[in-house]
Amino acid sequence: MIFSRLCTILMGLINRILGREKPLRTTIRFKIANPIIMGRKYKIEAHVTGRNSFKIEDGVIIFTLKDSTKANFQNYYTTWYKRLARKEFLKAVELWLPSFESLGYEIPKPRIKIFKMHRAWGRCYYTKGLITLNLNLLMLPQECIEYIALHELSHFVAHDHGPLFKATLTKIDPQWISKKMLIRELEPKLVLMR
């Protein structure tokens with residue numbers, strides 16, 4: 001750790017002395033799993049520069065880190081992944097709210113909590129105005145994320161999985177069954193549910 005920090009400091013000094021606009025990057029050498037995000041597999045590159053940031057180019061997520069430790073990368077990656085999940089899950093929930101309104105259902109925008117869950121993609125606590133979603137949902141394609149959001153929002157109308165629940169799903173998204181089947185097909189491949 002001291003050595004990697006020293007390398008970072010030296011690289012910064014060399015870049016300042018040489019007046020380089022773009023600092024030299026050193027590649028971090030620990031193994032990083034290739035994540036699946038919204039149904040697409042990405043490669044990850046991690047480099048050391050002066051600050052923590054990321055960009056996505058051609059199927060590669062490029063992280064630049066100010067400290068080359070594995071802990072720094074894991075903290076930054078985890079924070080980034082959770083923010084991305086929150087953004088995508090909120091977008092999916094907001095997509096369906098106008099559809100419920102057009103059917104005459106006044107559903108207030110629910111609070112969303114995100115956890116790693118082992119037995120469910122989501123849960124609705126309609127009495128609390130809360131939906132919890134599985135962090136691993138971000139691995140599924142966008143249409144599956146949207147289906148899970150619709151499924152959980154439908155519990156604000158029908159608290160069980162009875163005829164009213166299914167009728168609500170069908171009125172809002174007639175393709176919901178194919179999305180549900182796609183999730184069931186992908187689950188074993190993603191090794192999510194244990």
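**Entry 1: the whole chain**

I noted before anything else that this is a predicted model. I then counted the secondary structure and found 5 helices and 9 strands. Reading from the N terminus, I wrote the order down as α-β-β-β-β-β-β-α-β-β-β-α-α-α.

Next I looked up burial: the chain has 194 residues, and 45% of them count as buried. Among contacts with a separation of 6 or more, 47% join residues 24 or more positions apart.

**Entry 2: helix 2 against helix 3**

A reminder to myself: a pair of packed helices is described by the angle between the axes and the distance between them. Helix 2 covers residues 70–102, and its axis lies 9 Å from that of helix 3, at an angle of about 55°. I therefore filed helix 2 and helix 3 as oblique to each other. Their crossing is right-handed.

Which residues of the two helices meet? On the helix 2 side I listed E88, F89, A92, V93, L95, W96, L97 and F100. On the helix 3 side I listed Q142, I145, E146, A149, L150, L153 and S154. Sorted by class, this contact has 11 nonpolar, 2 polar and 2 charged residues.

**Entry 3: helix 3 against helix 4**

I moved on to the next pair, helix 3 at residues 142–154 and helix 4 at residues 163–172. Their axes come within 10 Å and cross at roughly 135°. Helix 3 and helix 4 are therefore oblique to each other as well. The handedness of this crossing is right-handed.

From helix 3, the residues in this contact are L150, H151 and S154. They meet F165, T168, L169 and I172 of helix 4. The class count here is 4 nonpolar, 3 polar and no charged. Comparing my two lists, I saw L150 and S154 meeting helix 2 and also meeting helix 4.

**Entry 4: T132**

I picked T132 in strand 9, which spans residues 130–134. Is T132 buried or exposed? Its relative accessible area is 6%, so T132 is buried, the cut-off being under 20%. I then looked up the contacts of T132, leaving aside neighbours within four places in sequence. They are K113, F115, M117, W121, G122, R123 and Y125.

One more reminder: most residues other than glycine have a negative phi. With that in mind I went looking for exceptions.

M38 has a positive phi of about 50°, and it is not a glycine. I located M38 in the loop between strand 2 (36–37) and strand 3 (40–41). Its relative accessibility is 25%, so M38 counts as partly exposed.

D58 also went on the page, with a positive phi near 50° in a residue other than glycine. D58 sits in the loop between strand 5 (53–57) and strand 6 (60–65). How accessible is D58? Its relative accessibility is 80%, so I marked D58 as exposed.

Key: Residues numbered from 1 in each chain as written. Predicted model: local features only at pLDDT ≥ 70, side-chain atom pairs only at ≥ 80, totals over all residues. Heavy atoms only, no water. Axes fitted to C-alpha atoms, helices over the stretch in contact; angles between N-to-C directions. Helix = DSSP H or I, 4+ residues; strand = E, 2+ residues; numbered from the N terminus. Parallel < 35°, antiparallel > 145°, perpendicular 65-115°, else oblique. Left-handed = near helix turned anticlockwise from the far one by under 90°. Contact = heavy atoms within 4.5 Å. Nonpolar A, V, L, I, M, F, W, Y, C, P; charged D, E, K, R; others polar. Buried < 20%, exposed > 50% of the residue type's maximum accessible area, 1.4 Å probe, protein only.
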